[in-house]
Amino acid sequence: MSLIQMHNLRKDFTVRVKAGRFRREKRIVPAVNGVNLTFERGEMAGYIGPNGAGKSTTLKMLTGVLTPSSGDVRVCGLQPVPQRTKLALQIGVVFGQRSQLWWDLPLRDSFSLLRHIYRVPADAHAGRLKRCRELLDLDDFMDTPVRQLSLGQRMRGELTAALLHGPSVLFLDEPTIGLDVVSKQAVRSFLAELGQGGDLTLVLTTHDLADIERLCRRLVVIDHGSVVHDGTIEALHARYGSHRRLVVDLDVPLPEGFAVPGAELLSVEADRHRATFELVTTQVGAVVSELTALRDLSVVEPDIEDVVAKLYRA
Amino acid sequence: MNAKTKELLGAYLALLRGQVHSLTSYRASFAVELFSNLGGTTLDVLTVLVVFRATRSVAGFSLIEGLLMVSLSSLGFAMADFAVGNIDRLKNYVRTGTMDAVLVRPLAALPQLLLMDLPLRKALRLVVSGAVLVVALRSNDIVWTPSRVVLLVLAPVAGAVFFSSIFVLSASLTFWWIDSGELGSSFTYGGRDFTAYPVPVYAGWFRAVFAYAMGFGFVAYQPALALLGRADPLGLPSWAGFLSPLVAVVAAFFAAVVWRAGIRHYRSTGS
């Protein structure tokens with residue numbers, strides 16, 4: 001059985017909209033609009049979508065925070081809302097903008113309180129904490145009150161807090177939001193390391209596509225509450241026809257009317273000494289062999305941001 | 001106690017410990033709060049005293065009889081405020097997303113929220129209310145029977161449970177209307193002020209609704225009559241004072257149902 005199952009999952013919010021000076025109109029907004037998805041044990045899946053697409057709402061329904069308006073949802077074989085406290089023992093949750101830590105206490109104390117809250121045996125707790133300390137370099141700030149930690153340090157603390165009870169699913173809502181490049185990389189490589197074991201299922205939402213490229217084989221794109229893509233990043237490129245680009249630097253200007261079948265000339269710069277081609281149906285070699293006085297070349301992989309922007313606009 | 005209950009208790013104790021430790025990092029502000037909070041309790045007792053200064057009796061009750069009522073109500077309220085009063089911060093917990101964090105932990109939501117604040121600053125109020133009750137008991141001529149002793153213990157506890165239920169009920173409104181704070185307060189603090197006076201001072205539908213339908217009359221007024229051995233000018237029998245625990249249990253049940261419905265209705269906030 002799949003570890004996470006969503007069947008026709010739906011969440012409607014009622015919003016009151018101003019319709020006149022005193023009148024207000026009730027309007028039903030579907031935040032999640034009939035989603036069917038399953039995730040298997042050990043899978044690492046990334047959720048992307050524009051703001052308000054329903055990512056966080058879905059995650060909140062999976063973790064038992066929000067009650068679905070209709071449809072079925074099962075996580076670890078449990079119904080998230082009615083069996084919330086039971087489910088909580090089996091999942092770890094990191095909300096990028098919500099904290100599980102005690103603001104005024106050192107990280108060390110927060111971790112020890114969490115051990116009691118999750119009723120974890122002391123040795124299992126110590127083992128997991130040791131691993132997180134090593135992988136996330138927590139030792140420098142274990143005794144600093146959480147309110148004095150930097151965002152990057154706090155996020156590392158949050159990740160640890162979510163893992164100390166040995167969950168089988170880890171839900172991450174925008175885990176890299178607001179982090180600097182170094183902290184982002186630390187978080188990503190830690191999550192990648194966790195995923196290596198193959199036991200932990202990881203579901204994350206993000207706006208940063210680098211998170212997904214680095215971590216997730218499976219990409220779910222959600223827009224206006226519906227799934228618009230579910231598959232690999234490659235499949236997404238194939239579907240939206242994004243192609244690699246070839247940039248060439250030439251010693252002599254590119255001849256007027258230069259054309260290679262299957263390659264589209266996108267732009268010419270620097271007095272025709274630099275040209276960019278999109279490789280629609282042909283390969284690098286076919287273009288290069290037609291060029292004279294080639295000085296340098298580079299191949300640019302298709303930009304996933306562009307593809308996703310196309311998706312959002314669709 | 002079985003192992004599982006013990007573990008669960010340990011979990012809640014851990015939450016409490018977290019608050020104690022947090023509190024120790026702000027010692028000075030704690031001391032200031034402790035004393036500024038004292039004002040609240042003394043003020044509501046003083047208000048009643050002032051009313052009685054102006055007239056010799058209120059609705060046929062003397063100053064010291066009135067003092068017994070206000071002290072029962074004030075002690076019950078102080079206990080409730082101490083234990084669950086901070087639930088009126090629910091609005092902030094919802095706004096800041098703390099509620100989401102609470103809901104992903106393997107513990108019931110309400111006790112977790114209550115343990116998020118350790119209101120030691122309200123402890124002095126308890127002492128003051130208790131002292132006023134002692135004064136009121138000593139200045140009235142009470143014939144002590146075993147049932148009256150039991151009532152004396154039960155009444156403040158029932159009052160505390162009753163007010164706690166009102167606190168939880170009015171906080172639950174937040175799940176439907178995030179800005180329900182003022183409406184909620186009118187029931188909690190308004191309810192406390194209602195119970196500070198003998199019920200006969202109120203009239204008509206107002207009395208019917210608040211004193212009997214909602215049960216505020218059973219917090220201090222009826223138990224005080226039973227303790228004093230006075231007949232109810234409104235005609236309820238003398239054992240009505242002993243109904244206060246029952247009324248409290250009904251209120252608690254009602255509060256639990258509404259709270260649960262509220263959690264189901266919780267909408268969270270965008271992130």
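## Close-up views of a predicted model

View 1. In strand 7 of chain A, the bridge partner of Asp173(A) is Thr205(A). Strand 6 (residues 169-173) of chain A runs parallel to strand 7 (residues 201-205) of chain A, and the two pair over five bridges; strands count as paired if DSSP finds at least two bridges between them. Helices (H or I, at least four residues) and strands (E, at least two) are DSSP runs, numbered from the N terminus. This is a predicted model, in which local features need pLDDT of at least 70 and side-chain atom pairs count only at pLDDT 80 or more, while totals for chains, interfaces and linings use all residues. Residues are numbered from 1 along each chain as its sequence is written, and chains are lettered from A and ligands numbered from 1 in the order in which they are written.

**View 2. The open sheet of chain A.** Six strands form an open sheet in the order 5-6-7-3-8-9 (chain A), with mixed pairing. Its edge strands are strand 5 and strand 9 of chain A, each of which pairs on one side only, and the twist averages 15° from one strand to the next.

**View 3. Helix 4 against helix 5 in chain A.** The axes of helix 4 (residues 122-136) and helix 5 (residues 151-163) of chain A come within 10 Å and cross at roughly 155°; axes are lines fitted to C-alpha atoms, for helices over the stretch in contact, and angles run from 0 to 180 degrees between N-to-C directions. Helix 4 of chain A is therefore roughly antiparallel to helix 5 of chain A, a term used for angles over 145 degrees. The contact (C-beta atoms, placed from the backbone, within 7 Å) is made by Arg128(A), Leu129(A), Cys132(A) and Leu136(A) of helix 4 and by Arg156(A), Leu159(A), Thr160(A) and Leu163(A) of helix 5 of chain A.

**View 4. The contact between chain A and chain B.** Chain A gives 28 residues to this contact and chain B gives 25 residues. Helix 1 (55-62), helix 2 (84-88), strand 5 (91-95) and helix 3 (107-117) of chain A each supply at least two residues of the side of chain A that touches chain B, and the largest share of that side, four residues, comes from helix 3 of chain A.

**View 5. The two domains of chain A.** The domain assignment, which is automatic or from a database, gives domain 1 (4-239) and domain 2 (245-313) of chain A. Their C-alpha centres lie 40 Å apart, and the contact takes 11 residues from domain 1 and seven residues from domain 2 of chain A.

Methods:
Parallel < 35°, antiparallel > 145°, perpendicular 65-115°, else oblique. Contact = placed C-beta atoms within 7 Å.
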